[in-house]
Structure formats: structure tokens, C-alpha cells
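Trainee: I would like to learn how to read the surface, the fold and the aromatic contacts of a model. Could we go through them in order?

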Amino acid sequence: MTISITPAASQRMRQFLAQTPSARGVRFGVKRTGCSGFAYVVDLADELVADDKVLDIDGVPVVVDAKSLALVDGTVIDFQRQGLNASFVFHNPNATGECGCGESFTVG
């Protein structure tokens, strides 16, 4: 199981964790939604559950639930700013398609 984060994503995640010292890590996974089937979820993990896997990626604890593992394996997480907008960007080798707005993806 490999997930990697760029230096920009690492810095942003560290900022979030510093603002919430009680967080156990950054939760990364997917949920069923959107026009293509799945959408990424990035949030702070306030607690861990039995099926969570905690990955130490460059000193950042990244928490992935068991259902998301196969769908995000190999993903590179980046953080990009474009004008006034800033967001995490995902490069997922498992995604076989994306919706036009880029908010959801398909795994085939």
C-alpha cells in the first residue's frame, strides 16, 4: 500500500494538524457520490476505528479506512493554489475516468 504526498501537500497537512493538536492524523479516503461514482475525502481524523490503517508519510500521519485502501493505493496527493482557489489534487493510477468538473472519479 503506497500513498505519497508532495511537499506542498505535506506543508498544508502539517498546518491543519498544528491547528488541531487533538487530531490523530489526516483522514484520506473515498465516498460514493458524484456523477462518476466516487469522490475523495480529506479531513482531520479525530478518532481511529478498528479498520483504519495509519500511514506515516514524511512524518504526517495519514489515516485510510479499509474500504478506501484499494481505491487509493498508489495515489499522489498534491496541494495547489490557482488564484484565490486552493485545494488538494489527486493523481490516482486506479481512476479510469473523471467527471467533467473533476469532483468525482470512476474505478473500472
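Mentor: Let us begin with the surface: the protein exposes about 6300 Å², of which carbon and sulfur atoms supply 49%, with areas from the Shrake-Rupley method and a 1.4 Å probe, where for residues only the protein chains shown count as cover. This is a predicted model, in which local features need pLDDT of at least 70 and side-chain atom pairs count only at pLDDT 80 or more, while totals for chains, interfaces and linings use all residues. Residues are numbered from 1 along each chain as its sequence is written, and side-chain values use heavy atoms, with hydrogens and water left out.

Trainee: How many helices and strands are there in the protein?

Mentor: Helices (H or I, at least four residues) and strands (E, at least two) are DSSP runs, numbered from the N terminus. Here there are 2 helices and 9 strands, which run β-α-β-β-β-β-α-β-β-β-β from the N terminus on. The radius of gyration is 14 Å, close to the 13 Å that the globule rule gives for 108 residues, so the protein is as compact as a globular protein of that length; the radius is taken over C-alpha atoms, and the rule is 2.2 Å times the number of residues to the power 0.38.

Trainee: How many aromatic pairs does a search of the whole structure find?

Mentor: Rings of Phe, Tyr and Trp (its six-membered ring) pair if their centres lie within 6.5 Å, and planes under 30 degrees apart count as stacked, over 60 as edge-to-face and the rest as tilted. The search finds 4 such pairs. One of them, F28 with F90, is stacked, at 5.5 Å centre to centre and 15 degrees between the planes. Because F28 lies in strand 2 (residues 25-33) and F90 in strand 7 (residues 85-91), this pair ties together parts that are 62 residues apart in sequence.

Trainee: Is F90 buried or exposed?

Mentor: Buried means under 20% relative accessible area, exposed over 50%, and partly exposed in between (1.4 Å probe, protein chains only). F90 is buried, at 17%, and F28 is buried as well, at 1%. The rings of Y40 and F90 have their centres 4.2 Å apart and their planes at 25 degrees, so that pair is also stacked. It links Y40 in strand 3 (residues 37-45) with F90 in strand 7, 50 residues apart.
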